[in-house]
Amino acid sequence: MRDGTARVGPRCEIFEMTTPTSTPTSPEDDGRTEAIVGQHPTERLMRIDRMRLLNVALLLALISLGLSWELWLAPLKGGTGALALKVLPLTLAIAGMLKHRLYTYRWMSLLIWLYFTEGVMRATSDTGLSQILAGIEVTLSAALFTACAVYVRLRLRVLPPKDKAGKGAAKADQAA
């Protein structure tokens, strides 16, 4: 162990990463998107893409709600509209979500709780239209968190690597 090697016990197995299954097929998709690593069935790839579209739609809805709320619908009294800058961190996630960046979905699922908390606070303290908009913000935040979590779960669920021709039979003989 001192020479930098590690011992592998009798019950430990080492799995290799599988090769990406999605390759650039069109001039627009020239590798700018993150390859979905692993062997995903076609049905799961379709679900992953649908979840990405749902995440982007919810994110854009939350951005537009924040901007319209703070600039036109129910701005704070005497405010300058500077509170509309609260949606700036959300805009940083659009490009990452469109490019299937798993890291973006992970940090978005943490960041969204700030907007959820703000919505709960304003739903309980404000009155009138602002209270209704805060309820919508809470709903959109919870939906975006759930959609991000489902997307990450779908992306990380990868089929196990296929056995090579002689390996599977040798393991079956050893087990018997």
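1. **Ground rules.** This is a predicted model, where local features need pLDDT of at least 70 and side-chain atom pairs count only at pLDDT 80 or more, while totals for chains, interfaces and linings use all residues. Residues are numbered from 1 along each chain as its sequence is written, and side-chain values use heavy atoms, with hydrogens and water left out.

2. **The overall layout.** You'll find 5 helices and 0 strands in the chain, so the order from the N terminus reads α-α-α-α-α, given that helices (H or I, at least four residues) and strands (E, at least two) are DSSP runs numbered from the N terminus. Of the 176 residues, 30% count as buried (under 20% relative accessible area, with exposed meaning over 50% and partly exposed in between, using a 1.4 Å probe and protein chains only). Look at the contacts (heavy atoms within 4.5 Å) with a separation of 6 or more: 67% of them in the chain come from residues 24 or more positions apart.

3. **H1 against H2.** Two packed helices are described by the angle between their axes and the distance between the axes. Here the axes of H1 (residues 42-73) and H2 (residues 88-98) come within 10 Å and cross at roughly 165°. Axes are lines fitted to C-alpha atoms, for helices over the stretch in contact, and the angles run from 0 to 180 degrees between N-to-C directions. H1 and H2 are therefore roughly antiparallel to each other; that label is for angles over 145 degrees, with under 35 roughly parallel, 65 to 115 roughly perpendicular and the rest oblique. Their crossing is left-handed, that is, the near helix is turned anticlockwise from the far one by less than a right angle (clockwise would be right-handed).

4. **Who touches whom there.** On the H1 side, the contact with H2 includes Arg-52, Asn-55, Leu-59 and Leu-62; on the H2 side, Leu-90, Ala-93, Ile-94 and Met-97 are among the residues taking part. By class, this contact has 10 nonpolar, 2 polar and 1 charged residues. For the classes, Ala, Val, Leu, Ile, Met, Phe, Trp, Tyr, Cys and Pro count as nonpolar, Asp, Glu, Lys and Arg as charged, and the others, Gly among them, as polar.

5. **H2 against H3.** The axes of H2 and H3 also come within 10 Å, crossing at roughly 155°. That makes H2 roughly antiparallel to H3, and this crossing is left-handed too. Pro-89, Leu-92 and Gly-96 of H2 are among the residues in the contact, as are Trp-107, Met-108 and Leu-111 of H3. By class, the contact has 11 nonpolar, 2 polar and no charged residues.

6. **H3 against H4.** For H3 and H4, the axes come within 8 Å and cross at roughly 160°. H3 is therefore roughly antiparallel to H4, and H3 passes H4 in a left-handed crossing. The contact of H3 with H4 has 18 nonpolar, 6 polar and 5 charged residues.

7. **The core.** In soluble globular proteins, nonpolar side chains tend to be buried together. The largest nonpolar core in this model has 29 residues (a set of buried Ala, Val, Leu, Ile, Met, Phe, Trp, Tyr and Cys residues joined through side-chain atoms within 4.5 Å). Leu-59, Leu-62, Leu-90, Met-97, Met-108, Ile-112 and Leu-144 touch the most other members. H1, H2, H3 (102-125) and H4 (129-156) each give two or more residues to this core. Take Leu-62: leaving aside neighbours within four places in sequence, its contacts include Leu-90, Ile-112, Tyr-115 and Leu-144.

8. **Two buried residues worth a click.** Val-87 is in the loop between H1 and H2 and is buried, with a relative accessible area of 5%. Its C-alpha is 9.2 Å from that of Tyr-115, 28 residues away in sequence. Cys-148, in helix H4, is buried at 1% relative accessibility. Beyond neighbours within four places in sequence, Cys-148 is in contact with Asn-55, Met-97, Tyr-105, Met-108 and Ser-109.

9. Most residues other than glycine have a negative phi. His-100 has a positive phi of about 60° although it is not a glycine. This residue is found in the loop between H2 and H3, and His-100 is buried, with a relative accessible area of 11%.
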